[in-house]
Each structure stands twice: as C-alpha cells, then as structure tokens.
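Trainee: I would like to learn how to read a structure that is new to me, one feature at a time. Could we look at it together?

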Amino acid sequence: MLRALFALLFFVSAAVCAQNSAPTISFDSVPDPLKLPKDLYLGEVAGVAVNSKGHIFVFSRGNTSGPAYAASAAQLLEFDRNGKFMREIGHNLYGWSFAHAVRVDQQDNIWVTDKGSDLVVKFDPQGRVAMVVGRKQEASDEETGPVKHPKPPAPPEIGRFRQVTDVAWDPAGNAYISDGYINSRVAKIDSNGRWLKSFGEPGHGPGQFVQPHSIAADAQGNIYVADRGNRRIQVMDGEGRILREIKIDVPFDPRIQPLLGPVPETEKMEAAGANLTQTPGAPWALCITPGPRQVLYAADAYPGRIYKLSLDGKVLGVLGEAGRQLKQFGWIHEIACPSENVLYVAELLNWRVQKLILHP
C-alpha cells in the first residue's frame with residue numbers, strides 16, 4: 001500500500017503541465033506535395049513516414065473493397081523526396097484490413113500497424129515482408145467478426161493484439177507496440193521478434209491507458225505514449241517505469257468549431273471519467289525529431305493544432321487549427337518529422353498529406 005502511494009506521489013510530482021501560453025509558429029503548407037498517378041486516390045490517410053533518402057510512405061484507407069461495413073481499407077504507397085509516385089507496396093497483402101500507422105526504422109525497414117487485422121508487418125527496404133507480429137482472425141472460423149469492446153476487456157494474450165495502433169524503437173533495436181483500443185498496453189519485442197514483455201492496462205491511473213494511440217522513442221530509449229483517451233502523454237523507460245506525465249493545456253480561440261460533433265465540455269467529461277479523445281490537447285499523433293537536439297511534436301483533433309514541445313514537456317510553440325483548407329487540419333492521425341522544421345501530417349477527414357515548412 002505504501003509503495004503504491006509513493007509511486008503515485010512520484011508520478012504526480014513528476015507530471016509536467018504545459019504552460020498556459022505558447023508562441024504561434026509561422027508556417028507554410030506546400031501545395032500538392034504528392035503527385036498521384038491517374039486513377040489512384042487516397043482515402044483517409046492514417047499514416048505517413050519518411051526514410052533516410054527522403055522517400056515518403058503513405059498508409060491510406062484507399063483501394064477499399066468489400067461491403068460498406070467491415071470493408072478492407074488499407075494501401076501502402078511510396079513517393080520519392082519530390083513527391084513523385086514510385087510504387088505500391090504489399091498490393092493485396094493478407095494483412096491489409098484497416099490502415100492505422102506506418103513508421104520507418106533506422107535501417108529503412110517499413111513497419112505498418114493494421115488496426116483491422118491486429119497485425120504489425122515489417123517490410124525490408126525492397127518492399128518484401130521481413131517479419132509479422134500478431135495474427136489475423138481466421139476467415140474459416142464461425143466466431144470471426146468485429147472485435148468486441150467489453151468492459152473490462154478479456155485479458156490480453158502474449159503475441160496477439162487487439163486493434164493495434166503504432167510502433168517505435170529504442171537504440172538497441174527493441175520495438176514498442178501500442179496495443180491500442182482494447183488491450184490498452186505497450187508490448188516490447190526484440191530485434192528478432194522475440195516477445196519480451198508488455199506493460200500497462202486499461203484505466204486512468206499512472207501506467208494505465210485509454211486508447212494508447214501513438215508512440216515514439218527518444219535517443220535515450222525513453223518511450224512516449226499518446227494516452228489519447230486520458231488526454232496526456234506518459235513517458236516511460238524501456239521497462240515501463242513511469243518517468244513523467246505531459247498534459248497540454250494551451251488557450252485557443254473558442255470560436256473554432258470541431259469538424260465533427262459538438263464543442264467538448266472537457267471539465268464535465270473529466271469529472272465523469274469519459275473518454276477524452278476529442279478534447280483540447282488529447283494527443284492523437286506523436287513524433288520526435290532526429291538528434292542531437294530532439295523535440296517532440298503532438299497533434300490533437302480539436303482545436304486541431306500541432307504542438308512543439310521540449311522532451312521534458314514544455315510547449316515551445318503551436319500552429320494550425322481545425323479546418324479543410326491548407327494550413328488547417330482534419331484529424332491529424334500521424335506526423336513524420338524528418339527535421340525540426342519540416343513536417344508531414346496525415347489527415348483522416350481531409351484525405352490528404354500536408355508538407356509543412358515551419359518558420360519558428
């Protein structure tokens with residue numbers, strides 16, 4: 001009991017609440033950054049990543065097939081550094097179901113997380129499947145169907161995911177997988193795919209998650225989890241020990257309207273223990289820039305801004321707002337940050353990728 005109380009007090013004392021004001025960062029959005037060939041279209045863009053050559057990988061809910069409900073919606077496309085279309089990777093892949101995120105590791109391997117098939121798939125730089133983690137439901141089983149969301153959920157299993165969301169790596173090459181909408185935990189595997197451990201569970205306390213939606217790692221191997229439903233970023237070491245909590249609270253223009261739904265009543269929702277996904281500062285997407293001076297970028301759905309933070313949680317600047325025009329955002333689902341002042345953002349509601357040039 002005393003140990004749990006001490007851990008809670010440490011967690012509270014280590015929490016970082018972003019300051020009440022932050023400078024606005026000037027930025028431009030490059031028009032038409034991707035040159036799509038004739039008759040190729042993006043759907044909801046769930047993921048975007050950039051490799052060491054500057055090639056852009058887009059994981060879109062395009063090439064949709066099947067019925068209106070539970071259709072397959074996932075397509076992985078590669079563009080060169082100038083936005084010219086190069087190829088589709090994994091056409092008709094068995095693991096494609098519902099695109100969620102794409103990441104590129106330090107060896108230029110391409111990793112995707114598919115929320116519908118519960119799979120994490122690693123492609124080598126040539127686009128061939130190099131590793132599969134998790135398992136898709138069998139099409140021949142009579143119980144196969146949409147995953148249920150019971151409360152409390154059934155216990156998680158080693159090696160399996162339920163609506164997986166994202167992946168990141170530490171300097172040793174271990175992968176951390178946010179397993180996301182139902183299990184609400186982080187899984188850790190080594191570079192050979194061996195399951196090492198998992199940490200976290202559903203809940204609102206320290207080390208608990210509600211929809212861990214995005215994940216990133218810094219150069220020291222600390223893990224940043226976008227605990228979206230709890231409106232916070234939890235920072236942990238590679239063993240899952242809590243280092244600090246970051247909450248983003250920056251004033252915004254109350255006249256901004258959400259693109260979907262009513263203006264959230266954050267205080268009432270917090271008091272009721274509700275899911276805080278649509279509230280200001282709730283992190284949908286995380287990205288940490290390359291070193292030596294690393295910064296963290298996070299995005300929310302409402303008021304639809306991108307936040308630039310130091311790794312200890314101080315907000316260094318904000319940009320953008322919800323909307324449908326250039327320099328506005330419709331549910332940023334993933335951010336790629338190849339440098340501190342160049343960002344690529346994948347948007348669900350606007351079916352696009354924006355390339356942003358920041359002028360801080």
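Trainee: Leaving aside its neighbours within four places in sequence, which residues is Arg228 in contact with?

Mentor: Please keep in mind throughout that this is a predicted model. With the neighbours within four places in sequence left aside, Arg228 is in contact with Tyr181, Val210, Gln211, His213, Leu276, Thr277, Ala282, Pro283 and Trp284. As for its place in the chain, Arg228 lies in the loop between β18 (223-227) and β19 (232-236).

Trainee: What is the nearest side chain of opposite charge to Arg228, and how far away is it?

Mentor: The general idea comes before the case. Side chains of opposite charge can pair when their charged atoms come close. For Arg228, the nearest side chain of opposite charge is that of Asp227, which is 8.6 Å away, and Arg228 has no salt bridge even though it is buried. A salt bridge needs a side-chain nitrogen of Lys or Arg within 4 Å of a carboxyl oxygen of Asp or Glu.

Trainee: How many salt bridges does a search of the whole structure find?

Mentor: The search finds 20 salt bridges. One of them pairs Arg61 with Glu44, with 2.9 Å between the closest N and O atoms. Because Arg61 belongs to strand β4 (residues 56-61) and Glu44 to strand β3 (residues 44-50), this pair ties together parts that are 17 residues apart in sequence. Arg61 is buried, at a relative accessible area of 10%, whereas Glu44 counts as partly exposed at 27% relative accessibility.

Trainee: Are Arg241 and Asp237 buried or exposed?

Mentor: Arg241 is exposed, with a relative accessible area of 52%, while Asp237 counts as buried at 15% relative accessibility. Their side chains meet in a salt bridge of 2.7 Å, N to O. Salt bridges can also share partners, and in this way Arg103, Asp166 and Glu334 are joined into one network. A further pair to look at is Glu138 and Arg135, whose closest N and O atoms are 2.9 Å apart in a salt bridge; here Glu138 is partly exposed at 30% relative accessibility, and Arg135 is partly exposed at 43%.

Trainee: In what order do the four strands of the open sheet lie?

Mentor: Strands of a sheet pair through backbone hydrogen bonds, either parallel or antiparallel. In this open sheet the four strands follow the order β11-β12-β13-β14, with antiparallel pairing. At its edges are β11 (164-169) and β14 (195-199), each of which pairs on one side only, and from one strand to the next the twist averages 20°. Between β11 and strand β12 (residues 175-179), which run antiparallel, there are five bridges, and Asp166 has Ser178 in β12 as its bridge partner. Asp166 is also a member of the salt-bridge network with Arg103 and Glu334.

Trainee: Which strands does β27 pair with?

Mentor: Strand β27 (residues 352-359) is joined by five bridges to strand β2 (residues 26-30), the two running antiparallel, and it pairs with strand β26 (residues 342-347) over six bridges, again in the antiparallel sense. Within β27, Leu356 is the bridge partner of Ser29 and also the bridge partner of Leu343. Strands β26 and β27 form a hairpin with four residues between them, and in the turn Trp351 has a positive phi of about 55°.

Trainee: Where does Arg352 lie, and which residues does it touch when those up to four places away in sequence are not counted?

Mentor: Arg352 lies in strand β27 and is buried, with a relative accessible area of 15%. Among the residues it touches are Leu42, Val45, Arg324, Leu326, Val345 and Glu347. The backbone oxygen of Arg324 lies 3.4 Å from a polar atom of the Arg352 side chain. Distance along the chain is another matter, for Arg352 and Val58 are 294 residues apart in sequence and 9.5 Å apart in space, C-alpha to C-alpha.

Technical notes: Residues are numbered from 1 along each chain as its sequence is written. This is a predicted model: local features need pLDDT of at least 70, side-chain atom pairs count only at pLDDT 80 or more; totals for chains, interfaces and linings use all residues. Side-chain values use heavy atoms; hydrogens and water are left out. Buried means under 20% relative accessible area, exposed over 50%, partly exposed in between (1.4 Å probe, protein chains only). Lys and Arg count as positive and Asp and Glu as negative; His and the chain ends are not counted. Contact means heavy atoms within 4.5 Å. Two strands pair if DSSP finds at least two bridges between them. Axes are lines fitted to C-alpha atoms, for helices over the stretch in contact, and angles run from 0 to 180 degrees between N-to-C directions. A polar contact is a pair of N or O atoms within 3.5 Å; within protein, one must be able to donate a hydrogen and the other to accept it, and residues adjacent in sequence count only if both atoms are side-chain atoms.
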